[in-house]
Amino acid sequence: MVLVTGEIYWFTISMLIDFALQKIINQQEVDNGKRNEGAFDITRLSINNIDELLSWHKRVCDCNQTATCIIIYHRCVIKNQTYHSLSYPKRQSTNSYFVKYTNDRRDTLFGAIELFFTYKNSTLALINNYPNEHLFSDVFASSSYHSSLSKYINTYFYLLQAKPSSFHYVPIHKILNICVVFEKDDFIIVTPISPVYEHD
Ligand SMILES: [Zn+2]
């Protein structure tokens with residue numbers, strides 16, 4: 001793997017982030033007709049074709065009305081920000097459905113939202129989790145910038161394995177940020193971005 005170290009690399013990264021952010025902001029402006037918090041845009045997907053949801057339902061519920069017990073959605077508003085899922089046909093880029101999220105152990109996790117669903121009174125996302133590869137600063141181990149930048153880098157950039165490894169069922173309040181994604185051959189780099197729309 002050959003990386004250009006120093007200013008050129010960071011300039012390129014920041015240009016890519018600017019570009020991705022503009023795309024996300026544009027998409028948000030299209031999406032936002034001041035929607036309420038929660039899932040919207042019901043899909044025509046049948047739960048019977050989604051093994052991960054069927055098995056989850058089996059674990060948590062003993063009803064035999066899966067199709068009415070679990071409703072599947074394309075999109076969701078979380079803290080005034082619209083998130084897409086892979087199921088959403090009009091999504092524009094990876095940047096609208098790749099997210100940083102957490103769990104009860106407060107781990108920092110990343111993944112692609114496959115879909116949203118409601119079950120009883122809660123709304124969850126089915127997320128395909130991408131495990132951490134190693135610290136992003138390790139990529140720059142030979143760079144003269146390493147010691148001065150590594151703390152900053154590891155807070156804002158995360159290096160993930162190129163392929164997802166498992167599904168997580170995530171209550172939507174555990175979803176924290178949309179991420180800008182840079183796909184490489186054998187890993188991906190993500191950087192979480194702050195919500196575009198803040199509370200009034
Ligand atoms: Zn049920």
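Is Cys76 buried or exposed, and what is its relative accessibility? In this predicted model, Cys76 counts as buried because its relative accessibility is 0%, and the cut-off for that label is under 20%. A search of the whole structure for disulfides finds zero.

The zinc ion is coordinated by four residues: His57 through NE2, and Cys61, Cys63 and Cys69 through their SG atoms, at 2.1 to 2.3 Å. Along the sequence, these donor residues follow the spacing H-x3-C-x1-C-x5-C. The angles among the four donor atoms run from 102 to 118 degrees, and the site is tetrahedral. For comparison, the ideal angle for four tetrahedral donors is 109.5 degrees.

Cys69 counts as buried because its relative accessibility is 16%, which falls under the 20% limit. Cys63, at 29% relative accessibility, counts as partly exposed. Setting aside residues up to four places away in sequence, His57 touches Cys63, Thr66, Cys69, Ile70 and Tyr119.

Tyr119 leads on to the aromatic rings. The structure holds five aromatic pairs. One of them joins Trp56 and Tyr119 in an edge-to-face arrangement, with 5.2 Å from centre to centre and 85 degrees between the planes. Because Trp56 lies in helix H2 (residues 51-60) and Tyr119 in strand E5, this pair ties together parts that are 63 residues apart in sequence. Both Trp56 and Tyr119 are buried. Another pair, Phe110 and Tyr158, is tilted, with 4.7 Å between the centres and 45 degrees between the planes. Here Phe110 lies in strand E5 and Tyr158 in strand E8 (residues 158-161), so the pair ties together parts that are 48 residues apart in sequence. Phe110 and Tyr158 are both buried as well. Ring pairs also link Trp56, Phe117, Tyr119 and Tyr169 into a cluster.

Which residues have the most contacts inside the largest nonpolar core? This core has 24 residues, and those with the most contacts inside it are Tyr83, Val99, Tyr101, Ile113, Phe116, Ile127 and Ile175. Two or more residues come from each of helix H1 (7-31) and strands E2 (70-78), E4 (98-101), E5 (109-119), E6 (122-129), E10 (175-183) and E11 (187-193). Strand E10 gives the most, with four residues. A second, separate core of 13 residues includes Ile47, Cys69, Tyr119 and Leu124. Leaving aside neighbours within four places in sequence, Ile113 is in contact with Tyr83, His84, Ser85, Leu86, Tyr97, Val99, Ala125, Leu126, Ile127 and Ile175.

Note on methods:
Residues are numbered from 1 along each chain as its sequence is written. This is a predicted model: local features need pLDDT of at least 70, side-chain atom pairs count only at pLDDT 80 or more; totals for chains, interfaces and linings use all residues. Side-chain values use heavy atoms; hydrogens and water are left out. A nonpolar core is a set of buried Ala, Val, Leu, Ile, Met, Phe, Trp, Tyr and Cys residues joined through side-chain atoms within 4.5 Å. Buried means under 20% relative accessible area, exposed over 50%, partly exposed in between (1.4 Å probe, protein chains only). Contact means heavy atoms within 4.5 Å. Donors are N, O and S atoms within 2.8 Å of the metal (3.2 Å for Na, K and Ca); water is not among the atoms, so sites may look incomplete. Four donors count as tetrahedral if all angles lie between 85 and 135 degrees; four count as square planar and six as octahedral if opposite donors are over 155 degrees apart and all others between 65 and 115; anything else is irregular. Rings of Phe, Tyr and Trp (its six-membered ring) pair if their centres lie within 6.5 Å; planes under 30 degrees apart count as stacked, over 60 as edge-to-face and the rest as tilted. A disulfide is a pair of cysteine sulfur atoms within 2.5 Å.
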